[in-house]
Amino acid sequence: MNQLSPVLEIRGVSKRFDATQALDHVSLTLYPGQVHALLGENGAGKSTLIKIMTGIHQPDQGAILLNGRSIQVTNSSQAQLHGIAAIYQEPMIFPDLNVAENIFISHRGRGAVVNWRKMYHDASDILGKLGVHLEVRSQARGLTLAAQQTVEIAKALSLKTRVLIMDEPTASLSVHEVTQLFNLVRTLRNQGVAILFISHRLEEIFEIADHITILRDGKLISSKPVSEVTTETAIRDMVGRDMESFFVKDESRRDDLILSVQGLARSGVFSGITFDIHHGEVLGFAGLVGSGRTDVALALFGISPADEGKIIYDGQPVTIHSPAQATHLGIAYVPEDRREYGLVMPMSIAANITLPMLRRYLTRLGIVKRRAEETTAEEYRQRFSIRASNVRLVTSKLSGGNQQKVVLSKWLNTKPRLLILDEPTRGIDVSAKAEVHHIINELAKEGLGILLISSDLPEVLAMSDRVLVMREGRQMGIFTRQEATQETVMTAAMGQKITVGGI
Amino acid sequence: MLQNRDWRWLLRWESLLAVILVAVIAANIQMSSHYLGTDNFVNLFQLSIEKIIMALIMTFIIINGEIDLSVASVMGLSACLFGRLYDQDIPAEMAVVIALVVGTVCGTFNGFWIAYAGLPSLAVTLASSIMFRGVARILLEDRSVGLFPQWFNNLGQPDLIGPLSFGIILFVVLFGICLIVLQLTAFGRYVYIIGNNKGAARYSGIKVRQTKLTLFILSGLVASLCGLLLAARLGTVRANAAEEFELDIITMVLLGGVSIFGGTGTLVGVGLSILVVLNLRNGMSLAHYSGNIQTSVVGALLIASVLLPNLMRDTRRLRQWRDFRFRPRETDLEEEEGTWQAVG
Amino acid sequence: MQKVRQLIRPEQIRELSLLLIIILIVIFFGSQIENYYSARTFQRISSSVMIIMVVAVGETMVVLTRNIDLSVSSMVGFTAYLAGQQVSQNDNLSPAVVVLLAVSFGALLGLINGLLVAYGKIPAIVVTLGTLAIYRGALVEYGHSKNILVRDLPDWLVNLPRETLFSVGELDIRLLAGLAFIIVIIFQMVLLFLPYGRRLYAIGSSPDAARIAGLPARRIVLLAYVLCGALSGLGGFIYLSRIGTVGTTAAQGLHMQVIAAVVVGGVNIFGGSGTMIGMMLGAILMGILEQSLIRMQINEFWKDAIFGMFILLAVASDALMMNRLRDLWARGAIQMRIAQDAAVQKE
């Protein structure tokens, strides 16, 4: 493969923001027909590098060479002209347009008049080449996340893309969908496209990548063929030190029940959910994205209440109809989407932490007691070593992992007895992930019941006392720690035996 | 001290407003010897008293991430309803109460559609402004009604208490209350938080719908109160009473540094911008510019109040891009979400 | 079912139901008003909606991009006044020059709006609320509160509204109404078949995606505003010829009716969906209501209250029903795909 000449070369690119050197003489070479993985913790400079490649930022130093010739990329349409395209974790589609239009919207030179028939035909053609069945006339609004990504890949392909950047494309996909995506990536690779692939999941990287480049603190640490990299060396290069590869939760389950759910259902979403959680127990919720795990959590937290079944909390039957009531009962929910539901980004750490319990911080006249607020926040900052100089800092300036710790603090401050964690480590880097795992362990030891929803299978297996598996809104079974393996859980989640890999 | 994310910026915006205010006042003093008189000072507030009272409530609504384009129509409706009822020999006291109740109902109507049906406030209040104005037209058609009782008219006139009118005193009291509620209490913080991130607010157990409904009910009540003040001040009402008042009201709020997208801004800023707009209009009146020119200037001010910060940000970015020794503002770094560790 | 679902989307159901409402309303008024089904009724309605229709074509394009233009009434008023003033001071101006003058002056005003929105990055509501006042204020200052009178206008202009394009039986299709209809059709074609039209939908559908996809969003939005201004200019010209007497308060409040037509016609106030045909149905519905209420001798002051209610109902039904329909359609699509996946897996 290396006999081929490189399609895109980044040579000694540097970029500085304020006091931070985001990129420091980073070089990267992409060859046609190669999947090049880019690894690094959040803040390592990956996003800056992508933004430079797609023209959103300009480098302070260094050059970008396309087929050996130096180019300037100043905006995304220019990047497109050069054959560089990027696909993000959240697909950038046009929900009101149909599939075919989404593929061709940024095409130039398809005539002055839209030829619908030809467009549908060409779109089916491209999707066919990718081996995907998608109705080209249906509106993009109704597509699943995975299908939307497929549309984006088809769009990139139709634009004669030579360099495709995939920024955490698998973060919100189910296992099955990841398999399909990887088949697509292999198809593209075989067609000679150079792919820059970014993911936080190492096992995926080892499955798909040909070459691995690791960044740390804006510097290039290593760049080797995948055969010369192991999980251990990769993690060491990323965090700059050796790390235990798997953290396993300590035994802390007590005998007394905290929550018992019987036949919980919400019509059209999920049904027949029955489980118990004890004090000090972590109950894992596994299943594909869209299998209804989050919906069960939302029902328990009163966002979208269940319409059938019993919830027995602390020995008392309850109906939960609002988050305020759930909080009052001692149930806390750390949502999957920090940005959308977890944090008020432009407000301070302190204001975020006290938010659900603000009434505890009021004087008799209803005025907010800032000093008391900051004292509380300061406790959490020290307890979870949130990296911020003080608690008056706005949360938008924190890294993903530290933001997640703020959300955790916010909910722990409600003094919950049942903590629901929805994808608590999604999109945060390796070391922050380990910290979150430690926190979960500590909390369970303190006697909290924890419901852990996660798509990261190794995480669920390592952290849970028992694992409940869901599929299409139904409960497929509960596995004890001994019974739960990658195999059994996956089989239950898929509802059938599947073979992973292969085209 | 302020419930705000970027108060340093606001402080700057507010100091900018203060500088503008001083400049406008200086120009006014230069231009006319009448400017500094007590009469003119009272007059300055009197002429726009309904608008500035309304701007206080509008500040809450815009920070909450919504907008109420129907306030002028509610004012008109309430004034016309009062006129019509009084014209039909219903006692003025009774008519005042009915008008206030109907105004509150109008606000509840808006609030219901926005908070509980989840419709965009822009569309709802645009539609209801046409509707409420329509009802006002049905009530008075093309007549004008006046000759209200003396006590009622007195409420609109200066020299009620010292040189001040009822409206001015009401404004000062309301400003104090709103300042405390918005900047210091839990309710105020909820208003900011809902404006910033409705999802996070809901998931934190904040009653988003009730908060929004409360604000729109208040808006309806205060608007109808302002409509009555207008009737008292003018001594006569027509169906087009208070027409296009929303322009000035929204200008005062946005010029005060409140973002049209919600979540930012303070009442201190709005207080300053109210003074700027009032003095500007007063100065133009003293210089004998027509009302239409004044309205055009207010319209330009509205656009400038958003354009200016935009331009400031752009030039800053440009300079930062050319010379990275220049220290960028925090907002520039916010784009790098998740990439930056917080450093003191 | 699959074919039906592709052919008839929620948006089309929306338009069909609007058509149904129009028919029902016509039948209702037909039973209430004597001699309702006549050429005169048609004439009245068509001439009352044509201005709204022309201006609403421009408004629709702006709204599709997730923006709004409140200043159309001031633009119509200003261009009507300016064109009237020029034509009354200068008798031998040819019709083409007058139209060109109105259209290009409107386009200029639209350009100002567009520059502020697209390049000044100011929310459309702020810009156009401001220019609504600025343009009106400028007009009052420019016109010194003097009116343009019918007797100052040349005959061709005064007679223009009575020019008939062709007649079907008793029905005379007036030139101006025909023109308005043709403009609606032309711009419907633009939306359907020109890349520019599709990009209007794309930008309104997802501004972020548009930026990432490298669409020239600013230029597209700017052009939408310029076209909206130009069409408002044309609307101003029609206003001048139809009303004749034009003062500085001309067309005040017209923007409400225009937005009413657009919203009732099913153009999503958040951009991304809607058609010119739907907008035209919306305008016609409002026109029928207005004219029929007058015929029923219901107090004309009721008009605004009913208009407001209709806009609100349209917005409410869109938000509550359309989302449900769309979900239904989307769910259908997903089920279809699951079935296909299963079929593929079996192979």
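The following conversation concerns a predicted model and takes up chains A, B and C in turn.

Biologist: What is the mean pLDDT of chain A?
Modeller: The mean for chain A is 86, and 95% of the residues in this chain reach 70 or more.

Biologist: Over which residues of chain A is the pLDDT below 50?
Modeller: That applies to residues 497-503 of chain A. Beyond near neighbours in sequence, this stretch has 6 contacts in the model. Where pLDDT is low, the predicted coordinates should not be read in detail.

Biologist: Turning to the sheet in chain A, in what order do the strands lie?
Modeller: The order is S6-S7-S8-S3-S9-S10 in chain A; these 6 strands form an open sheet with mixed pairing.

Biologist: Which are the edge strands?
Modeller: Strand S6 (84-87) and strand S10 (219-225) of chain A, each of which pairs on one side only. Ignoring direction, neighbouring strands of the sheet are turned by 20° against each other on average.

Biologist: How many bridges join S9(A) to S10(A), and do they run parallel or antiparallel?
Modeller: Strand S9 (residues 211-216) of chain A is joined to S10(A) by 6 bridges, and the two run antiparallel. In this pairing, A:Leu215 stands opposite A:Leu220 of S10(A).

Biologist: Which strands does helix H5 of chain A touch?
Modeller: Helix H5 (residues 145-158) of chain A packs on the sheet and touches S6 and strand S7 (163-167) of chain A. The direction of H5(A) makes about 180° with that of S6(A).

Biologist: And where does helix H6 of chain A lie?
Modeller: Helix H6 (residues 175-190) of chain A lies across strand S3 (35-39), S7 and strand S8 (194-198) of chain A. With S8(A), H6(A) makes an angle of about 150°.

Biologist: Is H14(A) mostly covered or exposed?
Modeller: H14(A) is mostly covered, as 13 of its 13 residues are buried. This helix, residues 400-412 of chain A, reaches 18 Å from its first C-alpha to its last, close to the 18 Å expected at 1.5 Å a residue.

Biologist: Moving to chain B, what is its secondary structure?
Modeller: Chain B has 15 helices and 2 strands. Of its 344 residues, 52% are buried.

Biologist: How many residues does each side give to the contact of chain C with chain B?
Modeller: Chain C gives 36 residues and chain B gives 35.

Biologist: Which element of chain C gives the most?
Modeller: H14(C), with 13 residues. The elements of chain C that give two or more residues are helix H6 (124-143), helix H12 (254-264) and helix H14 (302-346). By class, the side of chain C that touches chain B has 26 nonpolar, 6 polar and 4 charged residues.

Note on methods:
Residues are numbered from 1 along each chain as its sequence is written. Chains are lettered from A and ligands numbered from 1 in the order in which they are written. This is a predicted model: local features need pLDDT of at least 70, side-chain atom pairs count only at pLDDT 80 or more; totals for chains, interfaces and linings use all residues. Two residues are in contact if their C-beta atoms, placed from the backbone, lie within 7 Å. Helices (H or I, at least four residues) and strands (E, at least two) are DSSP runs, numbered from the N terminus. Ala, Val, Leu, Ile, Met, Phe, Trp, Tyr, Cys and Pro count as nonpolar, Asp, Glu, Lys and Arg as charged, and the others, Gly among them, as polar. pLDDT is the predictor's confidence in each residue, from 0 to 100. The expected span of a helix is 1.5 Å times one less than its number of residues. A residue is buried if 20 or more other C-beta atoms lie within 10 Å of its own, exposed if 12 or fewer, and partly exposed in between; C-beta atoms are placed from the backbone. Two strands pair if DSSP finds at least two bridges between them. Axes are lines fitted to C-alpha atoms, for helices over the stretch in contact, and angles run from 0 to 180 degrees between N-to-C directions.
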